[in-house]
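This report describes selected residues and the contact between two protein chains. Please consult the sequence and the structure below while reading.

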Amino acid sequence: MILAGGRVDELNVLTYYRPKSAVPFGGFCRVIDFSLSNLMNSGIEQVAILSQYRSYSLINHIGTGAAWDMTGRYRRASILPPFTASEGGSWYRGSADAVFKNLDFVKYQQPEDIMILSGDHIYRMEYQDMISYHHEKDADLTIAFTKVDRNTAQRFGVAIIDDEDGNRGGRIQEYWEKPEKPESDWVSLTVFCFKPETLYRALEENQSGQSFEFGRDIIPSLIQQKCRIYGYKFCGYWGYTRTIEEYWRSNMDLLGENPSIDMEAWGIRTNLEHRGIRDFQPALIGDGAVVENSMIYNGCIVEGTVKNSILFPGVQIGRGAAVENSVLFFDNVIKRNCRLNKVVADVNSTYGEGTVIGPELEGVPAKVTVVGWNNQVPNQTIIEEGATIYPHLKNGQWLRHVKNGEVLR
Amino acid sequence: MIRSKEVLVLLLAGGVGSRLNILVQNRAKPAVPFAGLYRIIDFSLSNVMNSGLTKVGVLTQYKPLSLMSHLGTGEAWDFTGRSRGVKILPPRTGSRDSDWYKGTADAVRRNIDFINANPTDEVLILSGDHIYHMDFDAMIEYHRSKKADVSIGMMVVPKSEIHQFGAGITDRYNRIIGWEEKPKDPTTNLASMGIYVFDRKYLLNALARNNDDVDFGMHILPWAIDNDNVFAYPFYGYWRDVGTVQAYWEANMDVIRRDSGISPQQWGIRTNVTTAGMSADRAPARFGSKVKLLNSMISSGCKIMGHVENSILAPGVIVEEGAVVRNSIIFTDCHISRRATVDLSILDKRVRVGEQAVVGAGKNFKTANRLKPTHLYTGITLVGKGTEVPAGHKIGRNCVINSYIREEAFPGKVIEDGESLFPDGEIS
């Protein structure tokens with residue numbers, strides 16, 4: 001079961017109309033494709049996606065599930081939105097509540113194990129290995145952990161794992177959700193493998209409480225009950241994109257000679273029907289084009305300069321324009337002589353001639369500028385670094401000069 | 001009388017296309033890759049889809065495997081659903097022994113049961129090996145308004161090329177009053193595009209007339225023109241028969257030339273992206289930091305570290321640092337190693353060019369291929385599927401390097417202009 005409902009405030013403009021899991025990533029796909037492809041490559045083909053916040057984009061994206069081979073007699077990708085029932089019904093009040101509300105669905109499948117994972121992370125993991133570990137230990141719950149710098153650990157679930165199995169994992173001794181002073185470097189990836197009875201019981205007990213989250217409520221209560229809870233140690237790349245700065249940095253991890261994210265080696269698949277990207281022809285690189293250390297998908301037309309950047313399908317870069325350190329989502333049109341430096345641009349916008357965003361080229365500025373979708377940026381507009389532009393601004397709302405860090409809405 | 005919208009489509013996809021040389025060694029001509037992501041047949045299939053026609057029979061014969069896997073369920077062209085469908089119609093054993101299709105009309109005649117099983121007022125017969133964009137719906141409307149028995153899609157071509165086509169003479173109502181099949185001394189420049197709308201009953205009668213009438217252009221159409229109502233449907237857009245290596249290369253180059261009139265994307269051309277090796281599994285193209293690019297088309301999954309100029313790269317092509325690819329068409333998953341050069345060449349799938357090797361060396365474009373002087377005479381060199389060109393070797397102009405030749409089989413360091421190399425190391 002993939003938890004895909006969340007909206008994250010820091011990604012603000014990008015999650016205005018879509019859940020975070022549906023945010024574009026990697027030059028052609030969406031964040032949730034990493035979890036879905038991991039599931040496909042691990043041979044797990046009974047998948048449910050719990051979705052609540054503006055599900056439309058996500059429903060479109062999942063389609064029939066065929067892109068991840070999740071169609072067939074025993075294979076399926078189901079989307080489970082909140083629903084009303086004869087005794088009322090309500091929105092999902094938290095991740096644990098979302099799963100609880102769909103226990104009928106879960107029990108009907110008679111699962112041997114239940115995996116619950118977040119659809120918001122960038123990583124490649126062989127879930128079967130974690131499931132084997134879960135079986136070997138006869139655990140009630142196994143949680144995947146990765147090591148981070150302790151200074152950043154307070155934003156995650158943190159655990160002390162004993163060294164029962166060295167690098168592979170061990171029994172969890174202590175667990176804190178988002179502790180102020182972390183006492184360990186091991187943080188939770190929000191990848192759980194449950195024994196079904198343990199999950200059913202824990203969710204039912206949790207219903208009498210006030211809060212309904214796996215990290216905050218379910219895990220601590222299972223630990224208190226002295227259940228067999230194991231930590232599975234994961235040491236690959238883990239992209240956690242909660243802020244726009246982190247999101248930009250994860251994108252840059254796709255570039256370079258030996259990128260930390262290698263989507264082909266990881267077997268990442270996406271739904272090419274979504275936004276019709278299958279219908280794009282190969283990228284056209286015109287005569288005036290200069291391309292350096294970048295990623296460009298089919299359907300792009302490049303006649304200007306593109307450096308250290310990622311262009312999603314259908315992006316057009318006009319003559320004399322230069323784009324550096326930027327991530328441009330689907331179907332953006334950058335007109336002649338624009339200069340974009342460190343910009344994350346949501347879909348379907350046109351940047352009028354001579355628009356300048358971010359500081360002069362050469363060198364990476366400190367702050368990312370984010371532009372929401374469906375904007376028509378007037379010619380010669382100047383936007384300083386770190387600005388935030390809301391989606392779909394009306395003509396009269398535009399300024400000639402948007403200042404450093406300003407929010408235009 | 002209200003006519004149903006439905007028109008049965010028969011797509012003739014059996015052609016050998018032998019003038020495409022080794023590109024059709026393992027596949028039928030309609031299955032030859034085109035413009036990076038596509039295959040030639042995608043153009044006909046997409047035109048059918050975009051015209052709103054949904055019942056299609058594809059008549060195959062020659063090396064159909066690659067074509068069949070490409071068609072799949074027909075889902076890529078929206079041909080799946082209750083009343084929609086694409087059927088592959090291979091030759092079957094008839095009541096007598098000679099079972100292969102003897103010509104275009106013979107192929108259709110042998111599938112009369114398919115036509116009867118899908119009774120529509122008209123039947124649209126197409127060839128699957130042309131590059132063009134056409135609205136068949138408008139042609140069918142035209143056919144109906146002219147009350148024609150047969151309508152033929154026709155366009156003006158240079159007189160020097162008319163000898164490859166069926167040629168028609170029309171009156172001022174576009175009625176065809178004279179026909180010359182592949183004329184040596186043409187009296188007209190109006191060429192048949194091999195696109196016919198037949199009234200179904202008329203077609204069935206015409207096919208029943210004489211079983212020795214095996215070809216539309218040679219037998220059925222001349223008779224119909226002499227005796228019945230045959231109209232020319234004029235077409236003015238981009239249309240190419242890519243039946244020769246030269247025409248194939250030029251049409252590909254048209255795709256990267258502005259204003260050439262061909263644009264697969266704007267034409268709404270679809271392909272099957274889930275066939276093995278196509279774009280479904282490919283990430284965006286990646287470009288290194290010492291790249292030089294000029295006027296090229298580059299597909300997803302490519303890794304470009306070198307220099308690419310006036311070329312078309314299919315998915316998954318790797319161009320290492322210092323390598324140069326110029327005026328060439330490169331099929332999927334080819335690998336051009338460091339400081340190698342590929343010039344004016346067509347590389348079939350999974351060709352590996354070793355370090356500092358040159359494919360298309362020298363400036364002698366005039367020595368035609370010795371074995372097939374009519375195939376290769378302008379300097380284009382062909383390298384077959386899966387061949388490994390050893391490091392440091394030089395291959396000249398108008399050469400044919402056959403498929404699956406291992407490094408060890410290369411006899412010397414140089415393949416001269418116009419020579420062909422075979423897997424056993426023989427040069428001719």
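## B:Ser299 and its surroundings

In this predicted model, a polar atom of the side chain of B:Ser299 lies 2.7 Å from the backbone oxygen of B:Leu313. B:Ser299 itself belongs to the loop between β16 and β17 (303-304) of chain B. Its relative accessibility is 0%, so B:Ser299 counts as buried, the cut-off for that class being under 20%.

Residues of both chains surround this serine. Leaving aside residues up to four places away in sequence, B:Ser299 touches A:Pro282 and A:Asn298 from chain A. From chain B, B:Ser299 touches B:Gly36, B:Leu37, B:Ala285, B:Leu313, B:Ala314 and B:Pro315.

## Strand pairing between the chains

Strand β16 of chain B comprises residues 296-298. This strand pairs with β16(A) in the antiparallel sense, over three bridges. Within this pairing, A:Leu284 has B:Met297 as its bridge partner.

## The interface as a whole

Chain A contributes 33 residues to the contact, and chain B contributes 39 residues. Together the two chains bury about 3000 Å² between them, and 48% of this area is on carbon and sulfur atoms.

Charged and polar groups also meet here. Four salt bridges are found across the interface of chain A and chain B. A salt bridge also joins the side chains of B:Lys303 and A:Glu264, with a distance of 3.7 Å from N to O. Between chain A and chain B, 14 residue pairs are in polar contact, both residues being at pLDDT 80 or more. On the side of chain A that touches chain B, at least two residues come from each of α9 (263-266), β16 (283-285), β17 (290-292) and β18 (294-296). By class, that side of chain A has 15 nonpolar, nine polar and nine charged residues.

## B:Ser127, a serine in a strand

A further serine of chain B, B:Ser127, is placed in strand β6 (residues 122-127). Its relative accessible area is 13%, and B:Ser127 is therefore buried, as this value falls under the 20% cut-off. The side chain of B:Ser127 makes a polar contact with the side chain of B:Asp129, at 2.3 Å.

Which residues does B:Ser127 touch, not counting residues up to four places away in sequence? They are B:Leu11, B:Leu12, B:Ser44 and B:Gly194. B:Ser127 and B:Ile195 are 68 residues apart in sequence, while their C-alpha atoms are 6.8 Å apart in space.

Methods: Residues are numbered from 1 along each chain as its sequence is written. Chains are lettered from A and ligands numbered from 1 in the order in which they are written. This is a predicted model: local features need pLDDT of at least 70, side-chain atom pairs count only at pLDDT 80 or more; totals for chains, interfaces and linings use all residues. Side-chain values use heavy atoms; hydrogens and water are left out. Contact means heavy atoms within 4.5 Å. Buried area is the accessible area (1.4 Å probe) that two parts lose on being put together, summed over both. A polar contact is a pair of N or O atoms within 3.5 Å; within protein, one must be able to donate a hydrogen and the other to accept it, and residues adjacent in sequence count only if both atoms are side-chain atoms. Helices (H or I, at least four residues) and strands (E, at least two) are DSSP runs, numbered from the N terminus. Ala, Val, Leu, Ile, Met, Phe, Trp, Tyr, Cys and Pro count as nonpolar, Asp, Glu, Lys and Arg as charged, and the others, Gly among them, as polar. Two strands pair if DSSP finds at least two bridges between them. Buried means under 20% relative accessible area, exposed over 50%, partly exposed in between (1.4 Å probe, protein chains only).
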